[in-house]
Amino acid sequence: MFAILEPLFMPLDSFQASWLIATDCNMRRTFSYNDLKLGGEHAEKYMNDLAEAINDTAYPFLVENGSLEGYLEHCRRRNDTHPNGRGDVNELFRQAATAVMLSRPDDAMEALGKLRQVIESDPTDDRDYVRDLYEQAGAFRDRVEADAAAVRDELIGGIDEQKRRRGLPLSA
């Protein structure tokens, strides 16, 4: 089991790489599929184990990282400790979008610059999504530079569509 934070304010055309962040809140040992026993007599133990995992692992993770400020710091920590010294391209895009949401265009521009540097540093990586992300980051950077407030409004405007795509309830 994992708790995954997937920002609903990401640009509608952005690549959703949830699998890349699924290890941040790992509750893997809660329900080992090899040891799971079927039958009602085991249900109470499993429900207690689940409640304990939520209270001990998921809840603190969500409290720390679940706000815009917390999520921005979460992205920064992940990128600052990335082996390439700059960050993960998907996480850098999330960091940039979060900075836009917080009305910090300079922080967004910095993250987008690092994203493009990471991709430029490996010209042999010809995966389609990496090339697409490079183009998206350039276009996003240009729009943020031109009018960061309009980009923020655009990201907010796409939240209901992101919810629709995931089958989540729409905003009231």
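This is a predicted model: local features need pLDDT of at least 70, side-chain atom pairs count only at pLDDT 80 or more; totals for chains, interfaces and linings use all residues.
A residue is termed buried when its relative accessible area is under 20%, exposed when it is over 50%, and partly exposed in between (1.4 Å probe, protein chains only). Residues are numbered from 1 along each chain as its sequence is written, and side-chain values use heavy atoms, with hydrogens and water left out.

Helix α1 comprises residues 43-65, helices being DSSP runs (H or I, at least four residues) numbered from the N terminus. Its 23 residues should span 33 Å at 1.5 Å a residue, a value with which the 31 Å between its end C-alpha atoms agrees; the expected span is 1.5 Å times one less than the number of residues. At isoleucine 54, α1 bends by about 40°, the bend being the angle between axes fitted to the seven residues ending there and the seven starting there. Isoleucine 54 is partly exposed, with a relative accessible area of 38%.

The buried residues of α1 are Tyr46, Ala53, Ala58, Phe61 and Asn65, and the elements that cover them include α2 (68-80), where contact means heavy atoms within 4.5 Å.

Serine 103 lies in the loop between α3 (89-101) and α4 (105-120), where this residue, although not a glycine, adopts a positive phi of about 60°. Serine 103 is exposed, with a relative accessible area of 52%.

Technical notes
Helices (H or I, at least four residues) and strands (E, at least two) are DSSP runs, numbered from the N terminus.
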